[in-house]
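Thanks for coming, everyone. Let me put the model on the screen, and then we'll walk through it.

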Amino acid sequence: MAEERRLMRSPKGMDLDITSRCNLRCKYCFQRTSPTDTANELPAEEWTRFCSELGDCAVMSVCIGGGEPFIRDDLPEIIDAVIENRMRFSILSNGGLITPEMAAHIASTGRCDYVQISIDGSCPEVHDSLRGPGSFAGAIRGLRTLQDAGVKVTSRVTIHPYNLGDLENIAHLLLDELGMGGISTNSTCYLGAARQNRDEVEL
């Protein structure tokens with residue numbers, strides 16, 4: 001008799017893209033110029049109700065993304081709704097809008113698995129090539145602000161033609177100088193702004 005497989009009735013984790021707004025204009029952004037890029041977004045009250053539904057479904061963790069989640073002034077309310085419904089959380093960010101107050105709030109919850117900061121170069125010349133002037137300084141500032149507050153930080157490197165020769169230096173910066181336990185990589189996808197800038201962003 002075949003062994004019966006038991007399936008979960010609801011997902012263990014969920015991705016919540018709470019905004020399509022962003023302080024940067026990265027040339028490979030999957031949101032910008034795509035159908036998901038909209039000025040409309042759910043207010044915190046709606047996210048609070050949704051988090052309650054997720055809690056009732058026994059969802060264990062959510063990953064908060066965007067756009068740039070820290071662009072929302074009501075992000076603490078959304079995080080609080082996650083916590084109140086017994087879930088853990090992570091956040092995906094470019095780092096540029098993270099304040100000491102926000103980092104302290106995240107740390108105070110005791111429920112944050114990590115904040116992922118996108119780092120695409122070991123220096124401004126490389127990182128800013130597709131993300132825009134000043135984005136490297138903002139990312140490193142936000143990263144260190146989180147670390148100072150005791151929040152675990154990780155990073156994902158989007159590999160593209162401008163940083164292929166810098167990957168070893170990026171690893172040294174993130175793992176050795178900034179003390180991350182590990183990093184991940186991906187490549188650009190033919191979505192959003194990357195469709196318009198294909199010759200520049202694709203490997």
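Is Arg72 buried or exposed? Arg72 counts as buried, because its relative accessibility is 5%. Buried here means under 20% relative accessible area, exposed means over 50%, and partly exposed lies in between, with a 1.4 Å probe and protein chains only.

A word on ground rules. This is a predicted model, where local features need pLDDT of at least 70, side-chain atom pairs count only at pLDDT 80 or more, and totals for chains, interfaces and linings use all residues. Residues are numbered from 1 along each chain as its sequence is written, and side-chain values use heavy atoms, with hydrogens and water left out.

Now, salt bridges. By that I mean a side-chain nitrogen of Lys or Arg within 4 Å of a carboxyl oxygen of Asp or Glu. The structure holds eight of them.

Stay with Arg72. Its salt bridge partner is Glu41, and the closest N and O atoms are 3.8 Å apart. Glu41 lies in the loop between β1 and α1, and Arg72 in the loop between β2 (61–65) and α2 (75–84), so the pair ties together parts that are 31 residues apart in sequence. Glu41 is partly exposed, at a relative accessible area of 29%. There is also a network: salt bridges link Arg21, Glu41, Arg72 and Asp74.

Next, Lys27. Lys27 forms a salt bridge with Glu200, with the closest N and O atoms 3.2 Å apart. Lys27 sits in the loop between β1 (13–17) and α1, while Glu200 is in helix α8 (residues 198–201), so this pair ties together parts 173 residues apart in sequence. Both ends are partly exposed: Lys27 at 30% relative accessibility, Glu200 at 24%.

Third bridge. Asp120 pairs with Arg131, the closest N and O atoms being 2.8 Å apart. Asp120 is in the loop between β4 (112–118) and α4 (124–131), and Arg131 is in helix α4, so the bridge ties together parts 11 residues apart in sequence. Asp120 is buried, at 0% relative accessible area. Arg131 is buried too, at 8%.

Asp120 leads us to Asn163. Asn163 lies in the loop between β5 (153–159) and α6 (167–177). What does Asn163 contact, leaving aside its neighbours within four places in sequence? Asp120, Val126, Val157, Thr158 and Ile170. Contact means heavy atoms within 4.5 Å. Asn163 counts as buried, at 0% relative accessibility. The side chain of Asn163 also reaches the backbone nitrogen of His160 at 2.9 Å.

Thr158 turns up again with Thr188. Thr188 is in the loop between β6 (183–187) and α7 (193–196). Not counting residues up to four places away in sequence, Thr188 touches Tyr28, Thr158, Ile159, Val201 and Glu202. Thr188 is buried, with a relative accessible area of 13%. Its side chain reaches the backbone oxygen of Val201 at 3.2 Å.

On to helix α2. Leu75, Ile78, Ile79, Ala81 and Val82 are buried there. Looking down the axis of α2, its buried residues fall within an arc of 155 degrees, so they line one face of the helix. That arc is taken over the directions from the helix axis to the C-beta atoms. What do the buried residues of α2 pack against? They pack against α1, β2, β3 (88–93) and α3 (100–109). Just after α2, Arg86 takes a positive phi of about 65 degrees.

Last, the rings. Rings of Phe, Tyr and Trp (its six-membered ring) pair if their centres lie within 6.5 Å; planes under 30 degrees apart are stacked, over 60 edge-to-face, and the rest tilted. The count by this rule is one aromatic pair. Trp47 and Phe50 make it: edge-to-face, 6.0 Å centre to centre, 70 degrees between the planes. Both lie in helix α1 (residues 44–56), three residues apart, about one turn of the helix. Trp47 is buried, at 8% relative accessible area, whereas Phe50 is partly exposed, at 27%.

One more ring. The charged end of Arg198 sits over the ring of Tyr190, 4.9 Å from its centre. The rule there is NZ of Lys or CZ of Arg within 6 Å of the ring centre and within 35 degrees of the ring normal.

Note on methods: Helices (H or I, at least four residues) and strands (E, at least two) are DSSP runs, numbered from the N terminus. A polar contact is a pair of N or O atoms within 3.5 Å; within protein, one must be able to donate a hydrogen and the other to accept it, and residues adjacent in sequence count only if both atoms are side-chain atoms.
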